Amino acid sequence: MLPDKDGPSDLTGGGIQSNSREDPAVSLFREYLRLKTVHPEPDYDAALRFLDRMAVELGLPMQKVEVCPGKVVAIMTWEGTNPSLKSILLNSHTDVVPVYQEHWKYDAFAAVKDGEGNIYGRGTQDMKCVTIQYIEAVRRLQAAGKRFARTIHLMFVPDEEIGGHEGMETFVKHPKFLNLNIGFALDEGLANPAEAFTVFYGERSPWWITVHCPGSPGHGSRFVENTAAEKLRRVINSFLDFREKEKHRLSTTECFTLGDVTTVNMTMVKGGVAYNVIPCEMDVSFDMRIPPTVNLQEFEEQIKRWCKEAGEGITYKFAQKNMNQSTTSTEESDPWWNAFSSACKAMNMTLNKEIFPAATDSRFIRAIGLPAIGFSPMNRTPILLHDHNEYLNEQVFLRGIQVYERLVPALASVPPLPGEV
Ligand SMILES: CSCC[C@H](NC(C)=O)C(=O)O
Ligand SMILES: [Zn+2]
Ligand SMILES: [Zn+2]
């Protein structure tokens, strides 16, 4: 039996050794997974050192833009034969969410590969796989001597997992972003447990709201009128009744996915100082995700009514309130979508078009008017982003590189569009 190329780390990670030589792309993926770019203190320097090395290997220039203190966006550029044309953006974020290590089978940063070729680690799906797949696809296309009309930018951004405010949200307004002359972007999607691949042409709007309920204080032994808790209860009921309706709409509408309904989750409650003191204020917070088909002004009016009906003096504040509902065309007549979907069709891939249920950096790209598709080529894979024991099978990972080997040329060869020279 040949030892696995990364044998020693398999053993330290408690994994099972593979009996065949590992594909170098898989080894590189596992190396990247071991970098602790995990919140709350991501090691972004380690990621930048890794990406510097990749740029040298690929022979591509890499610019680094510090968009906010300590928050660097890195961009590798493969210039096209006609650089005046709009470019293609291959975007990925470098950060990952924290883990509950005690619930993992293996060290979440050891990139252990088991006997079935499943690679375990935070970021295997979200979205270190895609980063390496972009890099490997470019490496292979270069090795085959390919060159394309349109310039291709590989962009690596920080802070997506904490909202992207000091990452992509700021960078899209930077002159250096505009200089990239982007025409079309690819960013992350989700795994699909079945044979099909899911592609996302829009996202629900995240609204994070805290409702503040003031009330009369008093002794905990009395029937005090107009308490904060009574108002809080009515507010909670209105939000959660609506939640039930939306849940029912999802379960009874056959073609609906999560992206087609509004989710409401009560995520925080605050208030009170002692068992026997009726508090003079209580707060409740909700995470709401609203599909692009919902009229946001009307939705806010509904929230106002719920608060008004719940009692006097109730106010609310948004911690997150996305108002941009742009979606990307998936009409066959759209040249970008046509290139994307035709390349997938040529590989016999079935695509399910959906609205992304959560929020990614694509929302900032779409908000400035650029088309963006969320796509992570992972079929036959359970959706495990942010979950315990996140993993990706190495064969699925390797197939994803082949997918980009076809997609990238198709997109970078889209003929000049009206207005382009
Ligand atoms: C609203 S900023 C937070 C972004 C985060 N993105 C993902 C993909 O989990 C979310 O949707 O909660
Ligand atoms: Zn992600
Ligand atoms: Zn994530």
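**Domain layout and contact**

Analyst: The domain assignment of the protein chain gives two segments to each domain: domain 1 comprises 7-203 + 327-412, and domain 2 comprises 205-291 + 293-321. This description rests on a predicted model. The C-alpha centres of domain 1 and domain 2 are 36 Å apart. Where the two domains touch, domain 1 contributes six residues and domain 2 contributes seven residues. On the domain 1 side, the residues that touch domain 2 divide by class into five nonpolar, no polar and one charged.

The chain as a whole gives the setting for this arrangement. Its C-alpha trace spans about 80 × 55 × 45 Å along the principal axes. A compact globule of 421 residues would have a radius of gyration near 22 Å, and the protein chain, at 24 Å, therefore agrees with that expectation. Of the 421 residues, 42% count as buried. Among contacts between residues at least 6 apart in sequence, 76% join residues at least 24 apart.

The secondary structure comprises eleven helices and 17 strands. One local element can be followed in detail: strand 1 (residues 62-68) and strand 2 (residues 71-78) run antiparallel and are joined by six bridges.

How values were computed
Residues are numbered from 1 along each chain as its sequence is written. Chains are lettered from A and ligands numbered from 1 in the order in which they are written. This is a predicted model: local features need pLDDT of at least 70, side-chain atom pairs count only at pLDDT 80 or more; totals for chains, interfaces and linings use all residues. Helices (H or I, at least four residues) and strands (E, at least two) are DSSP runs, numbered from the N terminus. The radius of gyration is taken over C-alpha atoms; the globule rule is 2.2 Å times the number of residues to the power 0.38. A residue is buried if 20 or more other C-beta atoms lie within 10 Å of its own, exposed if 12 or fewer, and partly exposed in between; C-beta atoms are placed from the backbone. Domain bounds come from an automatic or database domain assignment. Ala, Val, Leu, Ile, Met, Phe, Trp, Tyr, Cys and Pro count as nonpolar, Asp, Glu, Lys and Arg as charged, and the others, Gly among them, as polar. Two strands pair if DSSP finds at least two bridges between them.
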